[in-house]
Amino acid sequence: MNATAVLRADASDLPLRTVLVPLVLGSAVFGASIGSYVGGAQILYAAIKMPLFLLSTLAICMALFGALAAPVIGAARAVGVAVRTIGVTAILLGGLAPPLMLLGLTLPKPEPKGYQAMVLALTAAVAIAGSIAVGRLARELGSRRLAFSWVAVYGFTGAQMAWLLKPWIGYTLEADRFLPLKDNLHGNFYEAAWQTLLNLLR
Amino acid sequence: MFDLKSLQVFESFDKQTLDSGGPFRLAGALLRAPGPLIRDLGSGHRIAERAGALFFLTVALCAGYGAILGLFYPGTQTLFAAIKVPIIVAGSALLCTPTLFVFNALGGSRLSYAQTLGLALLMAAALGLMLAAFAPIVWFFGVSTEGRAFMAALHLGVFAVSVGFGLRTLNLARRYIEFRGGTPVLGTGLFLIWSALVVLVGLQMAYWFRPLLMPGPFHSGERGLFISYLLGS
C-alpha cells in the first residue's frame, strides 16, 4: 500500500504522485477527527482544510527550502524530500486520528475543559507525528541544522496559515462556517499570541 | 590558515564547472556550485560578463521582492518599492566598492577594480537570491494580515538574514580566491569592517528612500539619519 511505502526508510525513490495520495487522505482523516468535537459539517470542513493547510504551507515555503538545501542536496531533490516529509507527517497524523476521534466524540461540550483537552490532544498528536517526521528529514538531508531550519520556516508560516484557515476545533460549537476569511484577515497569529501574553502579564 | 572543512569545500569548488553564464544559470550556480563563478572573478576571466550578469540578477531579484513589499498597499507603492529595493541593495554595494578596493590593496591583494566590483556584486546577488527565496512567505503574510508593525518587523528580519547570507557568500569567495591564488584577499579584520560599513550604508539608503512599506512619494528629499529614526527622535 502507498502509505506504508512512504513510511519506509528507503522511500527516497518514490515518485511524488505516489506520496500525494496518502498525504491527502491521511491529513483529511486527521482533519475529520479534529472536527468530530463539534460534529456535523465541521467534520467535512476540517477534513478539506487540513490537506489544504499542509500543502499550501509547503508550497509557500518551497522556494526558501530549495535555497537553503541547494548547497547540500540540490534544489530539485529538496522538493522530493519536503513532500515526502509532509507525507510522512500526514500519514502518521492519519494513524493517530482514531483515538482523537474517540476523544472528540466523548469529551464534554460545551465545556472549556473539554475544548482545552481536545486542543492538547491535537497538539500532542502533531508533536508526535512531527518529531518522527523531523527525525526522518534530518537523515534524508544529512544535516540536523538544515532540518531544523526547514522546521522553523514551516512552523513560522504554518502558524499563520492555521490562523487563516480557522476554525479547526470550533470553540463556539457552531459548524456553519467553512472559512470565515473576512474575520480571519483581521490580525494574525503572532499579534494574537503577543496580545494574549500581554493580557496574561497584566 | 584554512581549516579542514574549508579545504574540503574549496576542493569541491575546484571540481565544479559552469558552461554558460546567463543570469539565471548564475543564480543556480550561486546557490549550488559557486566555485566556477568565484574562480572567474578571482582570475578576471570574462569579468565584464560575470559582473553584468550579477548586476542584472541583483536588480531583477530585488525588484521582485520590492514589488511584494509594496503590495501591502497595492498601487503606486508597489512600483515605487520595486524600484527602491534594487537601488538600495545595488547602490549600497556599488557605493562601498571603492572602499573594498582600497581595503583589498591594503591587504596585499592584486585584484583589479573590475574584479573588486564583481565581488561586491556577488554579495548583492546572493542577498537578492535570499530575498527571492523569502518572497512567497512574505507575500503570504502580506495578504493575510493587516498589522503594519508586524510586517515591518518581518521585512527587517528577512533583510537581516539575506544580508547575512550575502556577506557569508562574499567571505567564502574571498577565502577561496586566496586559497587558489596564494595572495591574501581582504583580511578578516578588514572584511568585518567593510561588512559593518555596507550594512550602515544600506540602512541609511533605506532611510533616505523611505517610505518602503507605507504609501508615500518616491523620494521625499527629507534629510536625516537612520539612527535617529530607530531611537524614535
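B:Pro211 sits in the loop of chain B that runs between α9 (188–208) and α10 (226–230). The peptide bond joining B:Arg210 to B:Pro211 is cis, with omega at about 0 degrees. The model is a predicted one.

**Backbone features**

A cis peptide bond is also found between A:Lys166 and A:Pro167, where omega is about 15 degrees. A:Pro167 belongs to the loop between α7 (144–164) and α8 (181–184) of chain A. The two bonds are listed below.

| Cis peptide bond | Omega |
|---|---|
| A:Lys166 to A:Pro167 | about 15 degrees |
| B:Arg210 to B:Pro211 | about 0 degrees |

Another backbone feature concerns B:Arg46, a residue other than glycine that has a positive phi, near 50 degrees. B:Arg46 is placed in the loop between α3 (35–43) and α4 (47–70) of chain B.

**Interface of chain B and chain A**

The contact involves 22 residues of chain A and 16 residues of chain B. Between them the chains bury about 1700 Å², and carbon and sulfur atoms account for 71% of this area. On the side of chain B that touches chain A, the elements giving two or more residues are α2 (23–32), α7 (113–144) and α8 of chain B. Of the elements on this side, α7(B) gives the most, with 9 residues. By residue class, the side of chain B that touches chain A has 11 nonpolar, 3 polar and 2 charged residues.

As for specific pairs across the interface, 4 residue pairs are in polar contact, with both residues at pLDDT 80 or more. The count of salt bridges between chain B and chain A is 0.

**Salt bridges**

Side chains of opposite charge can pair when their charged atoms come close. Over all chains, the whole structure has 4 salt bridges. One of these joins the side chains of A:Glu140 and A:Arg84, with an N to O distance of 3.1 Å. A:Glu140 is part of helix α6 (residues 112–141) of chain A and A:Arg84 is part of helix α4 (residues 75–95) of chain A, so this pair ties together parts that lie 56 residues apart in sequence.

**Cavity in chain B**

The structure contains 1 cavity of 30 Å³ or more. The volume of the largest cavity is about 30 Å³. Its lining consists of B:Leu100, B:Asn104, B:Leu119, B:Leu170, B:Arg174, B:Val185 and B:Leu186. In this lining, 5 residues are nonpolar, 1 is polar and 1 is charged. At least two lining residues come from each of α6 (97–106) and α8 (148–181) of chain B.

Methods. Residues are numbered from 1 along each chain as its sequence is written. Chains are lettered from A and ligands numbered from 1 in the order in which they are written. This is a predicted model: local features need pLDDT of at least 70, side-chain atom pairs count only at pLDDT 80 or more; totals for chains, interfaces and linings use all residues. Side-chain values use heavy atoms; hydrogens and water are left out. On a 1 Å grid over the protein atoms alone, a cavity is a set of points where a 1.4 Å probe fits but cannot get out, and a pocket is an open set with protein on both sides within 12 Å along at least five of seven lines; lining residues have an atom within 4 Å of a point. Grid points are joined across faces, edges and corners, and a volume is the space filled by probe spheres set on the points. Helices (H or I, at least four residues) and strands (E, at least two) are DSSP runs, numbered from the N terminus. Ala, Val, Leu, Ile, Met, Phe, Trp, Tyr, Cys and Pro count as nonpolar, Asp, Glu, Lys and Arg as charged, and the others, Gly among them, as polar. Contact means heavy atoms within 4.5 Å. Buried area is the accessible area (1.4 Å probe) that two parts lose on being put together, summed over both. A polar contact is a pair of N or O atoms within 3.5 Å; within protein, one must be able to donate a hydrogen and the other to accept it, and residues adjacent in sequence count only if both atoms are side-chain atoms.
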